[in-house]
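Open the model in your viewer and keep the sequence panel beside it. The stops below run from the whole chain down to single side chains.

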Amino acid sequence: MRRGEAATTGGSPEPWRIVERTGSVRSLHGIVPGPRPRRELWVMRPGDGAVVLGSGQRPGLVDATAARRRGLTVLRRRSGGGVVLVSHTDLLWIDVLVPRGDRLWHHDVGRAFLWLGELWRTVLTGVGIAAEVYEGPYEPGPWGSLVCFAGRGPGEVFVEGRKVVGLSQRRSSAGARFQCGLLRRWEPGSLAGLLGMPPGRRGVLERDLAVCAGALEVSESRILEALTGALDTETLVP
C-alpha cells in the first residue's frame, strides 16, 4: 500500500476499507469516526513519538524531563490500559473499526477482542511465526496497570509467552474502534527510564518487562500484506 491509499477487499458483501493516516500521535488518537461507521482498517503513520497514558492514568507517572529530552510528547488516550511508547520505529499501529450490529460486533467488551486476536494470529502464521491468542480475563500481573505490554488481556497475541500485539478498545453507540499495537522494537530500559519512580524500583520493572513482551523482526510490508490477505469476512465470524 502507498501512503494515503484507500482500498477495499473483495469477496464479501461487507468489504473492508483500508486507509493510511498520517499526523502527530495526538492528532491520530483524536480522529473521530463518522456518525455511520463501516468496517475500516486504519494504518497509522505517526510523524513524531509520544508516551501515551491509558485513560485512567495520571500524567505524573511519566518523567516529563526525560520525555522532553527524547523529544517525546506525553498524552492520554481515551481507551484504558497502561503506558505505551508510540513511534514509527517502536510500534506498528493499526486501528480497526467495526459498526454496532456487524457480525463481528459483540456486546461483551472482553469477548469483542477475540476475533481480532485470531486475525492477528492468522497474520503472524502467514509470515511464519507461531503465535497464541490469550482468551482469559484481564490479568495485569505486577506491572500491567502501569505498562500496557506487561499485562494480559483477551485477544492479545503472544509468541513464546511474550506479548507481541497489544489491544485496546473505544466503544460508542455507533460501534467499536480497536487500537492494535504490534511491537517492532522493545527496549525495557528505555521505557522504564521514562517513568517517574525510584531507581531501585525502576530496575525491577526493567528486569520484569524484559520477559513480558518482545519485538517481531518482520518487515512492516510483509505484516501489512498478510493482514490485507487475512481480511476474509467468512473466516472472521466469532
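Buried here means under 20% relative accessible area, exposed means over 50%, and partly exposed is in between, with a 1.4 Å probe and protein chains only. The model is predicted, so local features need pLDDT of at least 70 and side-chain atom pairs count only at pLDDT 80 or more, while totals for chains, interfaces and linings use all residues. Residues are numbered from 1 along each chain as its sequence is written, and side-chain values use heavy atoms, leaving out hydrogens and water.

**Whole chain**

Start with a cartoon view. The protein chain has seven helices and eleven strands. Both are DSSP runs numbered from the N terminus: helices are H or I with at least four residues, strands are E with at least two. The C-alpha atoms fill a box of roughly 55 × 35 × 35 Å along the principal axes.

Buried residues make up 50% of the 238 in the chain.

Now think about contacts, meaning heavy atoms within 4.5 Å. Of the contacts with a separation of 6 or more, 65% are between residues 24 or more positions apart.

**Aromatic cluster**

Select W16, F113, W115 and F178. They form one aromatic cluster. Rings of Phe, Tyr and Trp (its six-membered ring) pair if their centres lie within 6.5 Å; planes under 30 degrees apart are stacked, over 60 edge-to-face, and the rest tilted. The whole structure has four aromatic pairs.

Zoom in on F113 and F178. This pair is edge-to-face, 5.7 Å centre to centre with 65° between the planes. F113 sits in the loop between β7 and α3 (114–126) and F178 in strand β11, so the pair ties together parts 65 residues apart in sequence. How accessible is F178? It has 2% relative accessibility and counts as buried. F113, at 10%, also counts as buried.

**Glycine in β11**

Stay in strand β11 and pick G175. At 6% relative accessibility, G175 counts as buried. Which residues does G175 touch, not counting those up to four places away in sequence? Show V98, P99, R100, W105 and R170. For a distance check, V133 is 42 residues from G175 in sequence and 23 Å away in space, C-alpha to C-alpha.

**Salt bridges**

Switch to charged side chains. Side chains of opposite charge can pair when their charged atoms come close. A salt bridge is a side-chain nitrogen of Lys or Arg within 4 Å of a carboxyl oxygen of Asp or Glu. How many does the structure hold? There are ten salt bridges.

Select R17 and E40. Their side chains meet in a salt bridge at 3.4 Å, N to O. R17 is in strand β2 (residues 17–23) and E40 in strand β3 (residues 40–46), 23 residues apart. Buried or exposed? E40 counts as buried at 11% relative accessibility, whereas R17 is partly exposed at 29%.

Move along β3 to R45. R45 forms a salt bridge with E220, the closest N and O atoms being 2.0 Å apart. E220 lies in helix α6 (residues 220–230) and R45 in strand β3, so the pair ties together parts 175 residues apart in sequence. Both E220 and R45 are buried.

Then select D90 and R185, which meet in a salt bridge at 3.0 Å, N to O. D90 is in the loop between β6 (84–86) and β7 (91–99), R185 in the loop between β11 (175–183) and α4 (188–192), 95 residues apart. D90 is buried at 8% relative accessible area; R185 is partly exposed at 34%.

**Charges over rings**

Finish with two side-chain pairs. A charge sits over a ring if NZ of Lys or CZ of Arg is within 6 Å of the ring centre and within 35 degrees of the ring normal. R152 lies over the face of F158, at 4.0 Å from the ring centre. K163 lies over the face of F149, at 5.4 Å from the ring centre.
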